[in-house]
Amino acid sequence: MRYLKQLSLFLLLGFLVGCTTPNLPQSGNEGATSALYERSFESNVPNVALLKLFFTQMPKGGDLHHHYSGSIYAETYLEWVKNKHWFIDTCTYKIVKNKGNDACKSVSVDELIANDTLYRKLLTLWSDKDFSNHSHDQLPPDSNFFNTFGYFSPISDQYMDVGLNLIKERALSENVSYIESMLARVGINSSDFFNTDEVKMFNNELRNATTQQEVNALLERINTVYERNQTFSTKVQNFVTELERRHQGIDTENFTMRYQTYAVRTLDPLQVYTDLLSGYKAALSSPLVVGVNIVAPENNTVAINDYTLHMRMFNYLMSKYPHVLHSLHAGELTIGMVEPKELLFHITQAQNIAKAERIGHGVDLPYEKNSIVLLQNLKTNNVAIEINLTSNEFILGVAGKDHPYSIYAAYGVPLVISTDDSGVSRNNLSHEYVLLASRYHPSYQTIKTYVYNSISYSFLTPKEKDALKKQLDQKFLTFEKEMSELAKILKF
Ligand SMILES: [Zn+2]
């Protein structure tokens, strides 16, 4: 109530001086919802339980930074291992297809779950579970995080149609209406098209190229090989056909899902380019593939050494296929993780060489050489930053006031809130909003802007965006009515 009195006084003063408060809803259910949200902050410690309820109910639009395999929980992967009658090696905690005879006993999923020590250990390796709440032998957090993919990769694409439905159900249960998932590589191996000497030669020449023109000339030569071999386009088409099959039944009146393909930045340059080119071709071939990305640890030695080359590959492909959109993981780094010189240019090059439509993470902003020019360029070019708070805290140890969120927000760079790998991190999109609110206390209007951004900056068509935004309008009316009723009942 104290807040409401302050709000009334504030509004009155605004009226008296002939201006309105730009960022606060004025009245009605929207105003009551905003006031309820503000009541979470009336004491020194935010009422996180109220924020959890609030954001679970709130329509959240889309999740634009979402990895398919990282979004499935370890428990689900174990169910799938069980369905396949596969086993878990109790020394490595990896999936094995047969019960081996070696010293490391392979156990069934039921046997594993019956042994609490083994089961809990597996969960720490297949996800971030319990990493920080008890003492055990542990890897550096970024290794723990990225290693999880190696554990569940044998099973992750085995039940993809089931997995997509599971992700959809989870999304609907927390009022998320759109997911843009980084699903998979197209899966074409460069070694099927080039012999060992050619692979070596192209990798060397690509790495030795020092200008965009030199890189373009090499990529043209590689294209020639792929374009004259029908197998390349057949494989792209097979990928698209399989995706369309798996996608059947996913889109409904209240839920839409689209996909990005990607390259893995730790692989050699010819393979990275092969993944990107095939990804672009898949996007040209199917409206379900709305963009291309580049993934894997940015601090990996190969990823670091080839960074500019990768940006030039995107530059080349972007000029060749301007209608295919791309979001790039860039600036998922911090001081101490790499040499200081590596912190100077990653977001900048993703913006000015690769011309990314969106940037994933963008955490190293404060260290970039011309960070103020970069901020201006991101804003002017309308490049959205995908904010992944849980992931950044775990992998980079960057949280709270250490995170550049508040700089981006205050500068007016467009932002979206996303999950990254909600299965590995064991979180959801609502929790990302809880973290955002409890750490930075943006206004309710600002939060709504981020929700609408998640549709506006998606890679959907303008018509699809309009339809989803209209749905959001309706969902917010319902939500704000509910919150306004709740505000009358809750007596804190
Ligand atoms: Zn990511």
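Which residue is the bridge partner of Ile385 in E11? The bridge partner is Leu415. This pair belongs to a predicted model. The protein chain is assigned domain 1 (73–156) and domain 2 (160–460).

**Domains**
- The centres of domain 1 and domain 2, taken over C-alpha atoms, are 28 Å apart.
- Contact between the domains involves 10 residues of domain 1 and eight residues of domain 2.
- On the side of domain 1 that touches domain 2, helix H8 (residues 141–156) gives the most, contributing five residues.
- That side of domain 1 consists of four nonpolar, three polar and three charged residues.

**Sheet of eight strands**
- Eight strands make up an open sheet with parallel pairing.
- The strand order in this sheet is E1-E5-E6-E7-E8-E9-E10-E11.
- Strand E1 (61–67) and strand E11 (415–417) are the edge strands, and each of them pairs on one side only.
- On average, neighbouring strands of this sheet are turned by 25° against each other, direction ignored.
- Strand E10 (residues 384–387) runs parallel to E11 and is joined to E11 by three bridges.
- Within E11, Leu415 is the bridge partner of Ile385.
- Helix H22 (residues 444–456) packs on the sheet. The strands that H22 touches are E1, strand E5 (176–184), E10 and E11.
- The direction of H22 makes about 65° with that of E1.

**Sheet of three strands**
- Another open sheet has three strands in the order E3-E2-E4, and the pairing is antiparallel.
- Its edge strands, each pairing on one side only, are strand E3 (95–96) and strand E4 (106–107).
- Two bridges link strand E2 (residues 87–89) with E4 in the antiparallel sense.
- Ile88 stands opposite Val107, a residue in E4.

**Helix pair H11 and H15**
- Two packed helices are described by the angle between their axes and the distance between the axes.
- For helix H11 (residues 212–228) and helix H15 (residues 307–320), the axes come within 10 Å and cross at roughly 65°.
- H11 and H15 are therefore roughly perpendicular to each other.
- The crossing in which H11 passes H15 is right-handed.
- From H11, the contact is made by Gln212, Val215, Asn216 and Leu219. From H15, the contact is made by Leu309, Arg312, Met313, Asn315 and Tyr316.
- The residues of this contact of H11 with H15 comprise five nonpolar, three polar and one charged.

**Helix pair H3 and H21**
- Helix H3 (residues 48–57) packs with helix H21 (residues 429–440) at an angle of about 135°, and their axes are 9 Å apart.
- The angle makes H3 oblique to H21.
- H3 passes H21 in a crossing that is right-handed.
- In H3, the residues that meet H21 are Val48, Leu51, Lys52, Phe55 and Thr56. In H21, their counterparts are Ser430, Tyr433, Val434, Ala437 and Ser438.
- Divided by class, the contact of H3 with H21 has six nonpolar residues, three polar residues and one charged residue.

Definitions and conventions:
Residues are numbered from 1 along each chain as its sequence is written. This is a predicted model: local features need pLDDT of at least 70, side-chain atom pairs count only at pLDDT 80 or more; totals for chains, interfaces and linings use all residues. Axes are lines fitted to C-alpha atoms, for helices over the stretch in contact, and angles run from 0 to 180 degrees between N-to-C directions. Helices (H or I, at least four residues) and strands (E, at least two) are DSSP runs, numbered from the N terminus. Angles under 35 degrees count as roughly parallel, over 145 as roughly antiparallel, 65 to 115 as roughly perpendicular and the rest as oblique. A crossing is left-handed if the near helix is turned anticlockwise from the far one by less than a right angle, and right-handed if clockwise. Two residues are in contact if their C-beta atoms, placed from the backbone, lie within 7 Å. Ala, Val, Leu, Ile, Met, Phe, Trp, Tyr, Cys and Pro count as nonpolar, Asp, Glu, Lys and Arg as charged, and the others, Gly among them, as polar. Domain bounds come from an automatic or database domain assignment. Two strands pair if DSSP finds at least two bridges between them.
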